[in-house]
Amino acid sequence: MKVLLLLFTTLLFGCNQQSARQRGTQLNSVPDPHTLTDPSAAVVRHLNLELAVDFATKELTGKASWVIENLSNSKEIVFDTKNLSIQKVTIGKEEHDVKFALDKQDSILGSALRVPVEATTTIINIYYNTQPNAGALQWLAPQQTAGKQHPFLLTQSQPILARSWIPCQDGPGIRFTYNATVRVPPALMAVMSAENKQQRSDSGIYYFKQTKAIPSYLLALAVGDLAFQPIDSRTGVYAEPVTLKKAAYEFADMGKMVTTAEKLYGPYRWGRYDVLVLPPSFPYGGMENPNLTFLTPTVIAGDRSLVSVVAHELAHSWSGNLVTNATWNDMWLNEGFTTYFERRIVEEVYGVEEAKMQEVLGRQSLSAELADKGASNKDTKLKGELAGRDPDAAIGDIAYEKGYAFIRTIEEAVGRNKLDTFLRQYFDKNAFQSQTTEQFLVSLKSELLDNSKTLADSIRINDWVYQPGIPNNAPAVGSNAFRKIDSLVFKFRDQPLTELRQNVTSTNEKLYLISRLPVDLIPQELIALDKAFAFTNSGNAEIQTAWYVVAIKHGYRAAYPAIEKFLTRVGRRKFLVPIYTELIKTAEGKTWAKEVYKRARPNYHPVAYNTIDALLR
């Protein structure tokens, strides 16, 4: 066993069972199919974590000391693990060794770690190592970073990957506070989903505190060559030094976004709101880790045109981090609410037309996903049915955009003011707790709809939540700017591109134009469009992805070198999937896709390459 470095400061466990209960939150009694634990028997309340980060072996050496509460005089407490090497387990401050057991591993859920306890047991200490291929961890070589000088480590715990780097009770309905001590190479800086330092530590030792109870999927760590720049008194940006200036410019409106969000739905309760710009291999647009949103650098377009991602992750500070889906079957409670909240922030900060354009583009994405899955597919229900499946399969536009459309339907039925009052009360009443779909619907019907069956029937709640597809009472969406583009595209082949170019300038307008181009484009038209708008080399990842799909579909070979460069540089799954999906529709395209993927795969996070592996199989 690798012994944890003696430089770790011993963390204090001066908390009794009552204070642990106060730091935790009321458990939701609904069964969670994605954890092997039984929190109703014995539950975690606080984590004291010690970690040593070893880039040479690509391992974390850890000691996870859990303050627990034995709720039912249970004889054991169970933790989720996946591919962890458990060295030993001890009980109490005195660290008495106990005999633990690891169940046979399930390919999705991992292995249950069973630890014997007594009614009076309050502290469990687990010594462990991670594996180099841990699902939550991505170890980047220097050449995979922006600065090219130092390695980088990032974590992605959502939805059930926290168990691959920390033994925990890995369900969104289980919340705990945490302290952490992390040792890294002195040239690097560590940050977590907690209170963070803004300067590098000469010793390479970093101390963290998260005083708000969070679920395990919001545990996050990043280690790299990082620097910090404030935006205002409570917001700022961490990034590699070569990226920092551009990132700070791009996210200059963060403080304004936080203030806007508070006016809508109540106080921001997490202290600071900072963002961390990661290397390009990060698989998501953003991850709403408390205090420190993780962001893809693909949102840095140079013109602040993609900062709605920041608005989305900020909104999660209320819908998700503050009030959390009880299980991943209820994921729409996180993502549908957040998409609605995001567009309200965008409307206030950037104007109504910007929000309307995003609404149209979102509906387009939802329609595409419905067409792909089939409108009768059970995975197009808001309430998920994911038992026995990796909940990562739920990540898509159903939870986001169908959830958004449902909330918009409610808004149209009751009025925006009443909905806003209800949502603010909802966040206040359920702060730092989890909710099931059914619990939310009870609140919706009693507190917003005043138990009016007529109003509930007009909204068609059951159809939205429990039936596949989209009910036909979904609010219509539209944008004046997009209507203008439609009229110009209608005359696309009868006039020069001059007028179209003059009226299509913003990112949203360009994305909409690409989506509305004729399906029978010929090579000369692709060349002319590319010359007019420089789509192939735009530098805007959203535009590039949309255009590359069109280019592949129509055999526009001039774009292929840029497509290859994009696929080997960018790891955001949202962009990778549509490009690879279009490539594999032809035998020639599939062969080329596999050749590119061989070179690109080492740059991808496991969340991304697991998806692409299955796609190209």
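Which side chain makes a polar contact of 2.8 Å with the side chain of Thr-35? The partner is the side chain of Thr-37. Let's start there. One caution before going on: this is a predicted model.

Where does Thr-35 sit? Thr-35 is in the loop between helix H1, residues 17-23, and strand S1. Its relative accessible area is 10%, so Thr-35 is buried. The side chain of Thr-35 also makes a polar contact with the side chain of Asp-80, at 2.5 Å. Now leave aside the neighbours within four places in sequence. Thr-35 is then in contact with Asp-80, Arg-163, Asp-170 and Gly-171.

Next, the sheet. S1 belongs to an open sheet of 7 strands. The order is S5-S4-S8-S2-S1-S11-S13, and the pairing is mixed. At the edges are S5, residues 96-98, and S13, residues 205-215, each pairing on one side only. Neighbouring strands of this sheet are turned by 20° against each other on average, ignoring direction.

Look at one pair in that sheet. S1 covers residues 42-54 and S2 covers residues 59-70. These two strands run antiparallel, joined by 12 bridges. For one example, Ala-52 has Thr-61 in S2 as its bridge partner.

Now a different pair of strands. S12, residues 189-192, pairs with S14, residues 221-224. The sense is antiparallel, over 4 bridges. Ala-190 stands opposite Val-223 in S14. In a regular strand, side chains alternate between the two faces of the sheet. Which residues of S12 point which way? Met-189 and Val-191 point one way, Ala-190 and Met-192 the other. Buried or exposed? All of these residues are buried.

On to the helices. H6 spans residues 352-373, and H7 spans residues 397-414. They pack at an angle of about 125°, with their axes 9 Å apart.

Helix H12 covers residues 480-490, and Asp-486 is in it. Asp-486 has a relative accessible area of 25%, so this residue is partly exposed. Leave aside its neighbours within four places in sequence, and Asp-486 is in contact with Tyr-512 and Arg-516. The side chains of Asp-486 and Tyr-512 are joined by a polar contact of 2.8 Å. Then there is Leu-513. Asp-486 and Leu-513 are 27 residues apart in sequence, yet 8.0 Å apart in space, C-alpha to C-alpha.

Last stop: helix H18, residues 573-583. Which of its residues are buried? They are Arg-573, Phe-575, Leu-576, Ile-579, Tyr-580, Glu-582 and Leu-583. What covers them? The cover includes H16 (541-553), H17 (560-569), H19 (587-600) and H20 (606-616).

Conventions
Residues are numbered from 1 along each chain as its sequence is written. This is a predicted model: local features need pLDDT of at least 70, side-chain atom pairs count only at pLDDT 80 or more; totals for chains, interfaces and linings use all residues. Side-chain values use heavy atoms; hydrogens and water are left out. Buried means under 20% relative accessible area, exposed over 50%, partly exposed in between (1.4 Å probe, protein chains only). Two strands pair if DSSP finds at least two bridges between them. Contact means heavy atoms within 4.5 Å. A polar contact is a pair of N or O atoms within 3.5 Å; within protein, one must be able to donate a hydrogen and the other to accept it, and residues adjacent in sequence count only if both atoms are side-chain atoms. Axes are lines fitted to C-alpha atoms, for helices over the stretch in contact, and angles run from 0 to 180 degrees between N-to-C directions.
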